[in-house]
Amino acid sequence: MQIARFLPLYLVALGGLAADLTGNWVVVQPLNDGTTRRTYFDLKQAGDRISGGIRTGQFYYRVADSKASADGGYTLAASMMDGDLERKAQYQIKLTGEELHILTPGRGGRPASESVARRTTAGEGAMPAKLPIPALHKVPHNGLAKTPPMGWNSWNKFASRVDDASVRGMADAMVSSGMRDAGYIYINIDDTWEGERDAKGNITSNKKFPDMKSLADYVHSKGLKLGIYSSPGPNTCAGYEGSYGHEEQDAKTWAAWGIDYLKYDWCGARNIYRDDEMQAVYQKMGDALHKAGRPIVFSLCQYGRADVWKWGPEVSGNLWRTTYDIRDNWDSMMKIGFSQSDLAQWAAPGHWNDPDMLEIGNGGMNDDEYRVHMTLWSLLAAPLIAGNDLRAMTPQIKDILMNREVITIDQDSAGKQGKRISSPGDQETWTRDLADGGKAVALFNKSGERAKMTVHWAELGLKASPKRMRDLWSHSEIRGEGDSWTADVPAHGVVLLRVGK
Ligand code: GLA
(Lines give C-alpha, C1' and ligand atoms only; values in the text may rest on other atoms or scores of the structure.)
Protein backbone atom coordinates (compact mmCIF):
# COMPACT_ATOMS: atom_id res chain seq x y z
CA MET A 1 0.00 0.00 0.00
CA GLN A 2 2.70 2.43 1.16
CA ILE A 3 4.96 1.43 -1.75
CA ALA A 4 2.15 1.81 -4.23
CA ARG A 5 1.48 5.29 -2.93
CA PHE A 6 5.09 6.42 -3.33
CA LEU A 7 5.84 4.51 -6.54
CA PRO A 8 5.14 7.39 -8.91
CA LEU A 9 7.54 9.59 -6.91
CA TYR A 10 10.28 6.94 -7.05
CA LEU A 11 9.78 6.69 -10.80
CA VAL A 12 10.05 10.44 -11.23
CA ALA A 13 13.25 10.42 -9.17
CA LEU A 14 14.69 7.48 -11.13
CA GLY A 15 13.60 9.01 -14.41
CA GLY A 16 15.25 12.26 -13.36
CA LEU A 17 18.49 10.45 -12.51
CA ALA A 18 18.55 8.43 -15.70
CA ALA A 19 17.94 11.57 -17.75
CA ASP A 20 20.73 13.58 -16.15
CA LEU A 21 22.97 14.63 -18.97
CA THR A 22 25.62 16.22 -16.76
CA GLY A 23 29.05 15.42 -18.15
CA ASN A 24 31.41 15.93 -21.08
CA TRP A 25 30.13 14.72 -24.44
CA VAL A 26 31.83 14.56 -27.81
CA VAL A 27 30.61 14.24 -31.39
CA VAL A 28 33.36 12.75 -33.55
CA GLN A 29 32.92 13.38 -37.24
CA PRO A 30 35.48 11.79 -39.57
CA LEU A 31 36.44 14.01 -42.54
CA ASN A 32 37.59 12.73 -45.91
CA ASP A 33 41.06 14.21 -45.41
CA GLY A 34 41.76 11.69 -42.62
CA THR A 35 41.22 14.17 -39.77
CA THR A 36 38.25 14.29 -37.42
CA ARG A 37 36.05 17.18 -36.41
CA ARG A 38 35.15 17.10 -32.69
CA THR A 39 32.34 19.03 -31.05
CA TYR A 40 32.23 19.02 -27.25
CA PHE A 41 29.23 19.53 -24.98
CA ASP A 42 30.39 20.00 -21.41
CA LEU A 43 27.03 20.25 -19.64
CA LYS A 44 25.55 20.48 -16.16
CA GLN A 45 21.96 19.70 -15.43
CA ALA A 46 20.09 21.09 -12.41
CA GLY A 47 16.47 20.07 -12.66
CA ASP A 48 15.27 21.44 -15.96
CA ARG A 49 18.13 23.89 -16.35
CA ILE A 50 21.18 23.10 -18.46
CA SER A 51 24.35 25.15 -18.23
CA GLY A 52 27.92 24.68 -19.43
CA GLY A 53 30.04 25.13 -22.54
CA ILE A 54 29.93 23.99 -26.15
CA ARG A 55 33.04 23.90 -28.27
CA THR A 56 32.82 23.43 -31.97
CA GLY A 57 36.13 23.85 -33.81
CA GLN A 58 37.42 27.29 -32.94
CA PHE A 59 34.21 28.48 -31.27
CA TYR A 60 33.75 28.22 -27.50
CA TYR A 61 30.17 29.03 -26.55
CA ARG A 62 28.55 29.29 -23.10
CA VAL A 63 25.01 28.03 -22.71
CA ALA A 64 23.05 31.20 -22.01
CA ASP A 65 19.58 29.70 -21.78
CA SER A 66 17.89 26.30 -21.87
CA LYS A 67 14.31 25.26 -22.35
CA ALA A 68 12.79 21.82 -21.80
CA SER A 69 10.82 20.62 -24.80
CA ALA A 70 7.74 18.37 -24.88
CA ASP A 71 9.71 15.35 -26.19
CA GLY A 72 11.93 15.29 -23.10
CA GLY A 73 14.79 17.14 -24.78
CA TYR A 74 16.15 20.67 -24.43
CA THR A 75 16.74 23.67 -26.63
CA LEU A 76 20.02 25.36 -25.78
CA ALA A 77 20.78 28.95 -26.68
CA ALA A 78 24.53 29.52 -26.60
CA SER A 79 26.60 32.63 -27.10
CA MET A 80 30.21 33.82 -27.21
CA MET A 81 31.99 37.15 -27.59
CA ASP A 82 34.32 37.61 -30.55
CA GLY A 83 35.96 40.97 -29.90
CA ASP A 84 32.94 43.28 -29.78
CA LEU A 85 30.79 40.87 -31.74
CA GLU A 86 28.38 38.45 -30.08
CA ARG A 87 28.10 35.09 -31.84
CA LYS A 88 25.09 32.92 -31.12
CA ALA A 89 24.30 29.26 -31.68
CA GLN A 90 21.33 27.03 -30.98
CA TYR A 91 21.11 23.28 -30.42
CA GLN A 92 18.33 20.84 -29.63
CA ILE A 93 19.58 17.98 -27.51
CA LYS A 94 17.95 14.84 -26.18
CA LEU A 95 19.36 12.07 -24.08
CA THR A 96 18.45 8.57 -25.28
CA GLY A 97 20.09 5.89 -23.17
CA GLU A 98 23.78 6.82 -23.17
CA GLU A 99 23.57 8.77 -26.43
CA LEU A 100 23.08 12.51 -26.60
CA HIS A 101 21.21 13.25 -29.81
CA ILE A 102 21.88 16.70 -31.20
CA LEU A 103 20.03 18.67 -33.79
CA THR A 104 21.79 21.77 -35.08
CA PRO A 105 19.23 23.98 -36.84
CA GLY A 106 20.16 25.16 -40.35
CA ARG A 107 21.63 28.65 -40.65
CA GLY A 108 22.86 30.98 -43.39
CA GLY A 109 22.14 28.50 -46.18
CA ARG A 110 23.55 25.55 -44.23
CA PRO A 111 21.05 22.69 -43.73
CA ALA A 112 20.10 21.38 -40.29
CA SER A 113 22.29 18.49 -39.15
CA GLU A 114 21.84 15.64 -36.72
CA SER A 115 24.60 14.01 -34.75
CA VAL A 116 25.18 11.77 -31.76
CA ALA A 117 27.50 12.64 -28.88
CA ARG A 118 29.01 10.08 -26.51
CA ARG A 119 30.44 10.57 -23.05
CA THR A 120 34.11 11.44 -22.89
CA THR A 121 36.58 12.25 -20.11
CA ALA A 122 36.17 15.47 -18.19
CA GLY A 123 38.39 18.24 -19.52
CA GLU A 124 38.84 16.80 -23.03
CA GLY A 125 38.37 19.57 -25.59
CA ALA A 126 38.56 22.31 -22.94
CA MET A 127 40.09 25.63 -23.88
CA PRO A 128 43.88 25.49 -23.42
CA ALA A 129 45.40 27.68 -20.75
CA LYS A 130 46.39 31.15 -21.89
CA LEU A 131 50.11 31.31 -22.67
CA PRO A 132 51.91 34.46 -21.55
CA ILE A 133 52.41 37.07 -24.24
CA PRO A 134 55.86 38.55 -24.86
CA ALA A 135 56.80 42.18 -24.28
CA LEU A 136 56.60 44.22 -27.47
CA HIS A 137 59.67 44.87 -29.57
CA LYS A 138 60.38 45.54 -33.23
CA VAL A 139 60.87 42.42 -35.34
CA PRO A 140 63.52 43.04 -38.02
CA HIS A 141 61.92 43.60 -41.45
CA ASN A 142 62.32 40.57 -43.72
CA GLY A 143 62.99 42.75 -46.76
CA LEU A 144 60.23 41.04 -48.79
CA ALA A 145 57.21 42.34 -50.73
CA LYS A 146 58.78 45.57 -51.99
CA THR A 147 55.72 45.69 -54.24
CA PRO A 148 52.35 44.13 -53.31
CA PRO A 149 52.54 40.31 -53.49
CA MET A 150 50.94 38.69 -56.55
CA GLY A 151 49.79 35.11 -56.80
CA TRP A 152 46.89 32.75 -56.24
CA ASN A 153 45.13 31.41 -53.15
CA SER A 154 42.89 28.37 -52.86
CA TRP A 155 40.18 29.65 -50.52
CA ASN A 156 37.78 31.73 -52.63
CA LYS A 157 37.16 28.99 -55.18
CA PHE A 158 38.08 25.72 -53.51
CA ALA A 159 37.72 26.21 -49.73
CA SER A 160 38.14 22.73 -48.19
CA ARG A 161 38.38 21.02 -51.61
CA VAL A 162 41.98 22.12 -52.17
CA ASP A 163 44.47 19.23 -52.45
CA ASP A 164 47.90 18.33 -53.80
CA ALA A 165 46.63 17.67 -57.32
CA SER A 166 44.73 20.95 -57.60
CA VAL A 167 47.72 22.93 -56.30
CA ARG A 168 50.01 21.29 -58.87
CA GLY A 169 47.37 21.95 -61.52
CA MET A 170 47.23 25.57 -60.50
CA ALA A 171 51.04 25.87 -60.70
CA ASP A 172 50.94 24.40 -64.23
CA ALA A 173 48.15 26.78 -65.24
CA MET A 174 49.94 29.74 -63.72
CA VAL A 175 52.74 29.12 -66.19
CA SER A 176 50.74 28.04 -69.27
CA SER A 177 48.22 30.89 -68.98
CA GLY A 178 50.98 33.50 -68.83
CA MET A 179 50.03 34.56 -65.31
CA ARG A 180 53.50 33.82 -63.92
CA ASP A 181 55.12 35.98 -66.55
CA ALA A 182 52.63 38.74 -65.78
CA GLY A 183 53.92 38.70 -62.17
CA TYR A 184 51.73 36.19 -60.30
CA ILE A 185 54.32 34.18 -58.38
CA TYR A 186 52.82 32.81 -55.14
CA ILE A 187 50.69 29.66 -55.06
CA ASN A 188 49.08 29.83 -51.63
CA ILE A 189 47.37 26.93 -49.89
CA ASP A 190 44.74 28.30 -47.52
CA ASP A 191 43.00 26.50 -44.65
CA THR A 192 42.28 22.72 -44.54
CA TRP A 193 45.74 21.32 -45.39
CA GLU A 194 46.52 20.61 -41.72
CA GLY A 195 46.79 17.18 -40.15
CA GLU A 196 47.35 16.30 -36.51
CA ARG A 197 50.58 16.88 -34.60
CA ASP A 198 52.95 13.92 -34.32
CA ALA A 199 54.32 12.57 -31.01
CA LYS A 200 56.97 15.32 -30.97
CA GLY A 201 54.41 18.02 -31.61
CA ASN A 202 55.41 18.57 -35.24
CA ILE A 203 52.59 19.67 -37.48
CA THR A 204 51.79 17.26 -40.31
CA SER A 205 49.71 17.70 -43.44
CA ASN A 206 46.52 15.70 -43.85
CA LYS A 207 45.73 13.02 -46.46
CA LYS A 208 44.99 15.60 -49.15
CA PHE A 209 48.67 16.66 -49.06
CA PRO A 210 50.80 13.50 -48.88
CA ASP A 211 54.17 15.27 -49.12
CA MET A 212 54.50 19.03 -48.65
CA LYS A 213 58.22 19.07 -49.40
CA SER A 214 57.75 17.41 -52.76
CA LEU A 215 54.86 19.77 -53.53
CA ALA A 216 57.06 22.75 -52.70
CA ASP A 217 59.83 21.32 -54.92
CA TYR A 218 57.33 20.97 -57.76
CA VAL A 219 56.00 24.52 -57.38
CA HIS A 220 59.57 25.86 -57.19
CA SER A 221 60.54 23.93 -60.32
CA LYS A 222 57.95 26.04 -62.18
CA GLY A 223 59.60 29.28 -61.09
CA LEU A 224 56.84 29.87 -58.53
CA LYS A 225 56.68 30.09 -54.74
CA LEU A 226 54.51 28.19 -52.27
CA GLY A 227 52.43 29.68 -49.48
CA ILE A 228 50.70 28.11 -46.49
CA TYR A 229 48.17 29.08 -43.83
CA SER A 230 47.87 28.83 -40.04
CA SER A 231 46.43 30.53 -36.97
CA PRO A 232 47.94 31.90 -33.74
CA GLY A 233 45.11 30.09 -31.95
CA PRO A 234 44.69 26.38 -31.18
CA ASN A 235 42.39 26.09 -34.22
CA THR A 236 42.09 27.70 -37.62
CA CYS A 237 38.87 29.20 -38.96
CA ALA A 238 37.88 25.88 -40.51
CA GLY A 239 38.62 24.15 -37.19
CA TYR A 240 42.00 22.60 -38.09
CA GLU A 241 45.15 22.54 -35.97
CA GLY A 242 46.62 26.03 -35.38
CA SER A 243 50.11 27.07 -34.27
CA TYR A 244 49.23 27.96 -30.66
CA GLY A 245 52.26 27.21 -28.47
CA HIS A 246 54.12 25.72 -31.46
CA GLU A 247 55.10 28.92 -33.27
CA GLU A 248 58.85 28.27 -33.56
CA GLN A 249 58.36 24.60 -34.27
CA ASP A 250 55.89 25.29 -37.09
CA ALA A 251 58.00 28.05 -38.62
CA LYS A 252 60.93 25.59 -38.73
CA THR A 253 58.76 22.89 -40.30
CA TRP A 254 57.50 25.26 -42.98
CA ALA A 255 61.03 26.49 -43.69
CA ALA A 256 62.17 22.86 -44.05
CA TRP A 257 59.31 22.13 -46.46
CA GLY A 258 60.32 25.16 -48.58
CA ILE A 259 57.39 27.45 -47.77
CA ASP A 260 57.71 31.07 -48.97
CA TYR A 261 54.56 32.78 -47.65
CA LEU A 262 52.43 32.44 -44.50
CA LYS A 263 48.87 33.69 -44.07
CA TYR A 264 48.30 33.81 -40.31
CA ASP A 265 44.63 33.97 -39.42
CA TRP A 266 43.44 35.15 -35.99
CA CYS A 267 40.33 32.92 -35.74
CA GLY A 268 40.96 30.42 -32.92
CA ALA A 269 43.04 32.99 -31.01
CA ARG A 270 39.87 35.00 -30.38
CA ASN A 271 38.94 32.73 -27.50
CA ILE A 272 42.18 33.20 -25.66
CA TYR A 273 43.47 36.69 -26.35
CA ARG A 274 41.96 40.14 -26.38
CA ASP A 275 42.25 42.35 -29.43
CA ASP A 276 44.71 44.60 -27.61
CA GLU A 277 47.04 41.59 -27.28
CA MET A 278 47.12 40.90 -31.01
CA GLN A 279 50.37 42.70 -31.71
CA ALA A 280 52.26 40.59 -29.18
CA VAL A 281 50.65 37.41 -30.50
CA TYR A 282 51.58 38.23 -34.12
CA GLN A 283 55.04 39.30 -32.97
CA LYS A 284 55.61 35.75 -31.71
CA MET A 285 55.24 34.37 -35.22
CA GLY A 286 57.19 37.30 -36.72
CA ASP A 287 60.09 36.33 -34.44
CA ALA A 288 59.65 32.63 -35.21
CA LEU A 289 59.78 33.24 -38.98
CA HIS A 290 62.84 35.44 -38.55
CA LYS A 291 64.55 32.70 -36.54
CA ALA A 292 63.59 29.98 -39.03
CA GLY A 293 66.00 31.65 -41.43
CA ARG A 294 64.01 31.34 -44.68
CA PRO A 295 62.51 34.39 -46.40
CA ILE A 296 58.77 33.93 -45.78
CA VAL A 297 56.24 36.65 -46.61
CA PHE A 298 54.19 37.29 -43.46
CA SER A 299 50.51 37.95 -44.23
CA LEU A 300 48.42 39.03 -41.23
CA CYS A 301 44.77 38.07 -41.35
CA GLN A 302 42.73 39.51 -38.50
CA TYR A 303 40.11 41.37 -40.50
CA GLY A 304 41.49 44.86 -39.87
CA ARG A 305 40.86 44.74 -36.13
CA ALA A 306 42.94 46.63 -33.56
CA ASP A 307 44.18 49.19 -36.14
CA VAL A 308 46.59 46.60 -37.52
CA TRP A 309 48.02 49.07 -40.06
CA LYS A 310 49.60 50.95 -37.15
CA TRP A 311 51.60 47.97 -35.84
CA GLY A 312 51.76 45.50 -38.76
CA PRO A 313 55.27 46.65 -39.78
CA GLU A 314 56.50 46.28 -36.16
CA VAL A 315 55.90 42.51 -36.26
CA SER A 316 57.46 42.30 -39.74
CA GLY A 317 54.06 41.91 -41.38
CA ASN A 318 54.25 42.39 -45.15
CA LEU A 319 50.50 42.74 -45.56
CA TRP A 320 47.50 42.86 -43.30
CA ARG A 321 43.85 42.29 -44.02
CA THR A 322 41.80 45.44 -43.55
CA THR A 323 38.32 43.89 -43.67
CA TYR A 324 36.22 40.78 -43.13
CA ASP A 325 35.98 38.25 -45.96
CA ILE A 326 35.18 39.25 -49.52
CA ARG A 327 32.41 37.44 -51.42
CA ASP A 328 32.03 37.00 -55.16
CA ASN A 329 29.40 39.69 -55.65
CA TRP A 330 29.31 43.37 -56.58
CA ASP A 331 28.04 44.60 -53.20
CA SER A 332 30.68 42.83 -51.18
CA MET A 333 33.54 43.83 -53.49
CA MET A 334 32.31 47.42 -53.70
CA LYS A 335 31.77 47.83 -49.97
CA ILE A 336 35.26 46.61 -49.24
CA GLY A 337 37.10 48.32 -52.08
CA PHE A 338 35.54 51.77 -51.84
CA SER A 339 36.00 51.95 -48.05
CA GLN A 340 39.80 51.86 -48.19
CA SER A 341 40.67 55.45 -49.04
CA ASP A 342 41.47 56.54 -45.49
CA LEU A 343 44.06 53.80 -45.06
CA ALA A 344 46.29 55.12 -47.85
CA GLN A 345 48.91 56.58 -45.53
CA TRP A 346 49.75 53.15 -44.04
CA ALA A 347 50.84 51.43 -47.25
CA ALA A 348 54.51 51.48 -48.22
CA PRO A 349 57.02 49.18 -49.91
CA GLY A 350 57.27 46.05 -47.76
CA HIS A 351 53.99 46.71 -45.90
CA TRP A 352 50.60 46.67 -47.61
CA ASN A 353 46.94 47.06 -46.76
CA ASP A 354 45.12 43.91 -47.89
CA PRO A 355 41.42 44.34 -48.76
CA ASP A 356 41.27 40.53 -49.31
CA MET A 357 41.84 38.32 -52.30
CA LEU A 358 40.46 38.69 -55.80
CA GLU A 359 37.17 37.12 -56.88
CA ILE A 360 37.82 37.82 -60.57
CA GLY A 361 36.70 34.85 -62.68
CA ASN A 362 34.57 33.15 -60.04
CA GLY A 363 31.34 33.97 -61.88
CA GLY A 364 29.44 36.19 -59.44
CA MET A 365 30.17 39.48 -61.25
CA ASN A 366 30.18 40.56 -64.89
CA ASP A 367 33.31 41.60 -66.73
CA ASP A 368 32.75 45.33 -66.15
CA GLU A 369 32.42 44.64 -62.42
CA TYR A 370 35.57 42.51 -62.42
CA ARG A 371 37.38 45.38 -64.23
CA VAL A 372 36.29 47.64 -61.36
CA HIS A 373 37.67 45.03 -58.91
CA MET A 374 41.04 44.83 -60.69
CA THR A 375 41.29 48.60 -61.14
CA LEU A 376 40.35 49.44 -57.58
CA TRP A 377 42.75 46.89 -56.09
CA SER A 378 45.53 48.29 -58.28
CA LEU A 379 44.75 51.86 -57.24
CA LEU A 380 44.89 50.61 -53.63
CA ALA A 381 48.34 49.03 -54.10
CA ALA A 382 46.63 45.87 -52.88
CA PRO A 383 48.10 42.39 -53.11
CA LEU A 384 46.80 40.77 -56.31
CA ILE A 385 46.01 37.27 -55.16
CA ALA A 386 43.76 35.58 -57.70
CA GLY A 387 41.11 33.29 -56.23
CA ASN A 388 39.68 31.59 -59.31
CA ASP A 389 40.33 28.31 -61.12
CA LEU A 390 43.33 29.20 -63.27
CA ARG A 391 42.84 26.03 -65.30
CA ALA A 392 39.55 27.27 -66.74
CA MET A 393 39.68 30.99 -67.54
CA THR A 394 37.76 32.71 -70.32
CA PRO A 395 39.79 35.00 -72.60
CA GLN A 396 37.98 37.97 -70.97
CA ILE A 397 39.05 36.92 -67.47
CA LYS A 398 42.62 36.40 -68.67
CA ASP A 399 42.59 39.90 -70.16
CA ILE A 400 41.41 41.35 -66.85
CA LEU A 401 43.86 39.49 -64.60
CA MET A 402 46.75 39.92 -67.01
CA ASN A 403 46.27 43.51 -68.10
CA ARG A 404 49.90 44.45 -67.74
CA GLU A 405 49.26 48.16 -67.87
CA VAL A 406 46.95 47.85 -64.87
CA ILE A 407 49.35 45.50 -63.08
CA THR A 408 52.07 48.13 -63.58
CA ILE A 409 49.93 50.58 -61.62
CA ASP A 410 49.47 48.06 -58.79
CA GLN A 411 53.18 47.28 -58.73
CA ASP A 412 54.39 50.88 -58.99
CA SER A 413 57.70 51.11 -57.14
CA ALA A 414 56.80 54.25 -55.15
CA GLY A 415 54.25 52.11 -53.29
CA LYS A 416 51.88 55.03 -52.70
CA GLN A 417 48.31 53.87 -52.22
CA GLY A 418 45.64 55.75 -54.18
CA LYS A 419 42.74 57.76 -52.78
CA ARG A 420 39.31 59.05 -53.61
CA ILE A 421 39.49 62.69 -54.73
CA SER A 422 35.78 63.23 -55.40
CA SER A 423 33.06 63.01 -52.81
CA PRO A 424 31.80 59.48 -52.18
CA GLY A 425 28.76 58.55 -54.25
CA ASP A 426 27.56 56.78 -57.36
CA GLN A 427 30.41 58.26 -59.39
CA GLU A 428 33.82 58.47 -57.80
CA THR A 429 37.19 59.66 -59.04
CA TRP A 430 40.29 58.09 -57.54
CA THR A 431 43.94 58.81 -58.22
CA ARG A 432 47.26 57.25 -57.41
CA ASP A 433 50.64 58.98 -57.57
CA LEU A 434 53.23 57.04 -59.54
CA ALA A 435 56.99 56.80 -59.28
CA ASP A 436 57.59 58.58 -62.62
CA GLY A 437 55.67 61.65 -61.45
CA GLY A 438 52.56 60.63 -63.39
CA LYS A 439 49.23 59.53 -61.99
CA ALA A 440 46.67 56.81 -62.39
CA VAL A 441 43.18 58.28 -62.60
CA ALA A 442 40.14 56.04 -62.27
CA LEU A 443 36.60 57.13 -63.03
CA PHE A 444 34.30 54.64 -61.29
CA ASN A 445 30.61 54.48 -62.10
CA LYS A 446 28.93 52.53 -59.30
CA SER A 447 25.40 53.18 -60.55
CA GLY A 448 23.33 50.76 -62.62
CA GLU A 449 23.21 53.22 -65.59
CA ARG A 450 25.88 54.38 -68.00
CA ALA A 451 27.23 57.78 -66.97
CA LYS A 452 29.29 60.61 -68.37
CA MET A 453 32.10 61.42 -65.98
CA THR A 454 34.38 64.42 -66.20
CA VAL A 455 37.80 64.88 -64.67
CA HIS A 456 39.07 68.45 -64.33
CA TRP A 457 42.85 68.75 -64.54
CA ALA A 458 42.77 71.17 -61.63
CA GLU A 459 41.41 68.36 -59.44
CA LEU A 460 44.62 66.48 -60.15
CA GLY A 461 46.70 69.51 -59.30
CA LEU A 462 47.53 70.07 -63.00
CA LYS A 463 47.42 73.47 -64.70
CA ALA A 464 46.68 72.13 -68.18
CA SER A 465 45.80 69.00 -70.02
CA PRO A 466 48.53 66.38 -69.38
CA LYS A 467 50.94 65.77 -72.27
CA ARG A 468 50.44 62.02 -72.19
CA MET A 469 47.15 60.25 -71.47
CA ARG A 470 46.50 56.57 -71.96
CA ASP A 471 43.36 54.51 -71.42
CA LEU A 472 44.61 51.34 -69.72
CA TRP A 473 41.57 49.17 -70.50
CA SER A 474 41.19 50.09 -74.18
CA HIS A 475 45.00 50.30 -74.50
CA SER A 476 44.84 53.52 -76.48
CA GLU A 477 46.32 56.98 -76.34
CA ILE A 478 43.93 59.81 -75.65
CA ARG A 479 44.26 63.41 -76.69
CA GLY A 480 43.30 65.86 -74.01
CA GLU A 481 42.40 69.47 -74.66
CA GLY A 482 40.97 72.21 -72.50
CA ASP A 483 40.70 72.02 -68.75
CA SER A 484 38.85 68.71 -68.44
CA TRP A 485 38.15 65.37 -70.05
CA THR A 486 34.87 63.47 -70.17
CA ALA A 487 34.43 59.72 -70.42
CA ASP A 488 31.41 57.56 -71.04
CA VAL A 489 31.60 54.99 -68.23
CA PRO A 490 29.57 51.75 -68.30
CA ALA A 491 27.19 50.82 -65.47
CA HIS A 492 29.20 49.22 -62.62
CA GLY A 493 32.23 50.11 -64.71
CA VAL A 494 35.42 52.11 -64.82
CA VAL A 495 37.69 54.06 -67.11
CA LEU A 496 41.31 54.00 -66.01
CA LEU A 497 43.81 56.53 -67.30
CA ARG A 498 47.51 56.92 -66.86
CA VAL A 499 48.46 60.54 -67.19
CA GLY A 500 51.98 61.85 -67.47
CA LYS A 501 53.86 65.06 -67.84
C1 GLA B 1 38.94 33.28 -42.69
C2 GLA B 1 39.77 34.11 -43.64
C3 GLA B 1 39.57 33.58 -45.05
C4 GLA B 1 39.98 32.12 -45.11
C5 GLA B 1 39.20 31.31 -44.09
C6 GLA B 1 39.73 29.88 -43.98
O7 GLA B 1 37.58 33.44 -42.90
O8 GLA B 1 39.45 35.46 -43.55
O9 GLA B 1 40.33 34.35 -45.97
O10 GLA B 1 41.36 32.02 -44.87
O11 GLA B 1 39.28 31.90 -42.81
O12 GLA B 1 39.09 29.13 -43.01
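Asn403 sits in the loop that links helix 11 (395–401) to helix 12 (404–410). This is a predicted model, and in it Asn403 is buried, with a relative accessible area of 2%. Who are its neighbours? Leaving aside residues up to four places away in sequence, Asn403 touches Lys398, Leu472, Trp473 and His475.

Now over to helix 5, residues 212–221, where the buried residues are Met212, Leu215, Ala216 and Val219. They span an arc of only 100° around the axis, so they end up on the same side of helix 5. What do these buried residues pack against? Their partners are helix 3 (164–176), strand 10 (186–188), strand 12 (203–205), strand 13 (225–230) and helix 6 (247–257). Just after helix 5 comes Gly223, with a positive phi of about 75°.

| Side chain | Backbone atom | Distance |
|---|---|---|
| Asp211 (oxygen) | Lys213 nitrogen | within 3.1 Å |

The Asp211 contact belongs to the start of helix 5.

As for the nonpolar cores, the largest has 91 residues, and Tyr184, Trp193 and Trp254 touch the most other members. Apart from it lies another core of 21 residues, including Phe41, Ile50, Tyr61 and Tyr74.

Note on methods
Residues numbered from 1 in each chain as written. Predicted model: local features only at pLDDT ≥ 70, side-chain atom pairs only at ≥ 80, totals over all residues. Heavy atoms only, no water. Buried < 20%, exposed > 50% of the residue type's maximum accessible area, 1.4 Å probe, protein only. Helix = DSSP H or I, 4+ residues; strand = E, 2+ residues; numbered from the N terminus. Arc of directions from axis to C-beta. Contact = heavy atoms within 4.5 Å. Polar contact = N/O pair within 3.5 Å; in protein donor to acceptor, adjacent residues only side chain to side chain. Core = buried A, V, L, I, M, F, W, Y, C linked by side-chain atoms within 4.5 Å.
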